[in-house]
Each structure stands twice: as C-alpha cells, then as structure tokens.
Amino acid sequence: MDCCTATAHFLKNASDYGVDPNRIALYGECSGGTFATVVCQQLAARTDLPKPCAQVLIYPYLQAIDFNLPSYQQNYAVPMLFKKRALRLGTLYLTGKEFDVEGVMRNTHLPKHVWMKYRKWVSPDLIPERFKGRGYVPMEWPQFRPEIYEKCKELTNPMFSPLLSEDDVIRQLPKTFLLTCEYEIFRDDCLLYKKRLEDNGVPVTWYHIEDGFHSITVWLGIPLLEYPTQKIHFRHVTDFINSI
C-alpha cells in the first residue's frame with residue numbers, strides 16, 4: 001500500500017514536479033515489477049487521478065497458484081534466483097515469518113477447489129509449446145496440506161498475486177511492455193499475464209531474451225561483466241518508453 005500511496009500522490013501532484021501527468025509510466029523489475037503491476041491495478045478504477053500511460057514489467061513475479069509451471073521446473077536452480085529462495089523470500093514478505101517451503105514448492109499449499117477456480121488463468125496448458133522442453137514434466141495436483149494453507153492462505157490475494165485479478169480490473173490497465181528471460185523462474189508468470197492482458201484488449205509489447213536470466217540488468221554498464229548483446233536487448237525497453 002505504501003507504493004500505491006506514493007504513486008497516487010505523485011500522479012495527483014505531478015505538475016508540481018514539472019512532470020506531465022499524462023506521460024507517467026510505471027516501471028519495475030522482479031518484485032519491483034510485481035509492485036508496479038499491483039499499483040496499476042489498484043489505481044485502475046480511480047477517477048480522481050490521471051491514469052498511468054504505460055507499465056513496463058521486467059520478469060515480475062505474478063502468481064502463487066502453481067510453482068511447477070515449466071519455467072519453475074526448468075530453472076529451479078538457475079542463478080541468480082533459485083526457486084526455493086524466491087519462495088522463502090515471498091512467504092517471508094507475506095507472513096512475516098520463515099517456514100519450510102518444501103510443501104509450497106510441490107504445490108501442496110492450496111486445496112483443489114482453489115486451484116480449479118484459477119486454472120482458467122494459471123495452467124501449463126496456457127503456456128506455448130515452445131517453452132515446454134528442457135525436462136518439463138506435467139504434474140498431477142498433489143495431496144493438500146491444510147497446515148501449510150493456514151500459514152499462507154493470503155497467497156491468492158491479488159495484492160500478492162496480481163495475475164489473479166478479475167477481468168474488469170485487467171481491462172482497465174494501460175499499454176504494457178513485458179520482458180521475459182528464458183532461464184528465469186518467473187518467465188511463465190509473465191506469459192500467462194501477457195495472455196490475460198491481450199484477452200482483455202490491453203496492448204502488449206513482449207520481448208523475450210533467449211539467453212537471458214534473472215537480474216540481467218545488474219551487469220549493465222559494468223565493462224568486465226556486461227555481455228555483448230545486453231545493451232541491444234534493453235534498447236527494446238528504452239524504445240518502448242520513448243514511443244509513449
């Protein structure tokens with residue numbers, strides 16, 4: 001809510017800062033991308049504020065229904081963000097407590113009726129076939145563990161899992177730039193969100209980095225660590241922003 005409050009204040013008072021209130025875009029990477037997504041959704045119905053003109057989302061985390069989508073399986077131990085570490089950090093943020101996330105990693109954290117409710121939006125069946133190689137194995141839904149659900153039942157709250165927001169929220173969102181990386185666990189979250197946005201008439205510009213990985217932006221501008229095509233990839237981000 002702090003992000004929503006700060007963004008609402010800036011939108012309302014943009015002219016005081018010498019900013020055109022009709023040319024404000026929200027940008028975020030990883031959890032920052034999650035915050036940007038949530039802020040756009042929370043402010044979508046506000047009639048007392050200028051609307052953000054775009055959102056730029058760099059491999060955000062977007063859902064807590066299925067942690068065994070293809071990208072979560074394929075990239076569970078790929079630096080810079082391991083699957084287990086991501087879930088530990090996410091549940092700590094949500095609950096304020098650390099607990100064993102092994103059950104969450106196996107999808108035992110939700111009852112089947114909740115999973116079925118959201119399967120229309122979160123399912124490997126909605127992921128393009130080109131992304132289902134590299135050892136991906138479809139999984140049956142495992143046995144539910146209610147003690148885990150009690151610890152983290154808020155995982156399905158759209159404030160934490162913005163992919164689960166209703167269509168009447170999604171269709172009010174601004175034009176969107178989505179960047180995904182092949183070797184990154186949140187890739188499929190983004191692919192599913194791309195589909196939801198497009199299904200609701202939101203213009204989407206999608207750029208996929210075939211050799212990309214989490215925290216790819218960290219190395220920008222560092223000569224010994226920046227790899228040759230990095231600036232080329234991120235030119236697509238700046239081109240989108242400049243086109244707004």
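Me: Does Cys3 count as buried, exposed or partly exposed?
Reply: In this predicted model, the relative accessibility of Cys3 is 35%. Buried would require a value under 20% and exposed a value over 50%, so at 35% Cys3 counts as partly exposed.

Me: How many disulfides does a search of the whole structure find?
Reply: A disulfide needs two cysteine sulfur atoms within 2.5 Å. Cys3 is in none, its nearest cysteine sulfur being that of Cys4 at 6.9 Å, and Cys190, which is buried with a relative accessible area of 1%, is likewise in none, the sulfur of Cys181 being 9.0 Å away. Across the whole structure, the number of disulfides found is zero.

Me: Which side chain of opposite charge is nearest to Glu184, a buried residue without a salt bridge?
Reply: Glu184 sits in the loop between β3 (175-183) and α9 (187-199). A salt bridge would require a side-chain nitrogen of Lys or Arg within 4 Å of a carboxyl oxygen, whereas the nearest side chain of opposite charge is 7.6 Å away and belongs to Arg187.

Me: Which element gives the most to the largest nonpolar core?
Reply: This core has 69 residues, and among the members that touch the most others are Leu179, Phe186 and Tyr193. With five residues, the element that gives the most to the core is α9.

Notes. Residues numbered from 1 in each chain as written. Predicted model: local features only at pLDDT ≥ 70, side-chain atom pairs only at ≥ 80, totals over all residues. Heavy atoms only, no water. Buried < 20%, exposed > 50% of the residue type's maximum accessible area, 1.4 Å probe, protein only. Helix = DSSP H or I, 4+ residues; strand = E, 2+ residues; numbered from the N terminus. Lys, Arg positive; Asp, Glu negative; His and termini not counted. Core = buried A, V, L, I, M, F, W, Y, C linked by side-chain atoms within 4.5 Å.
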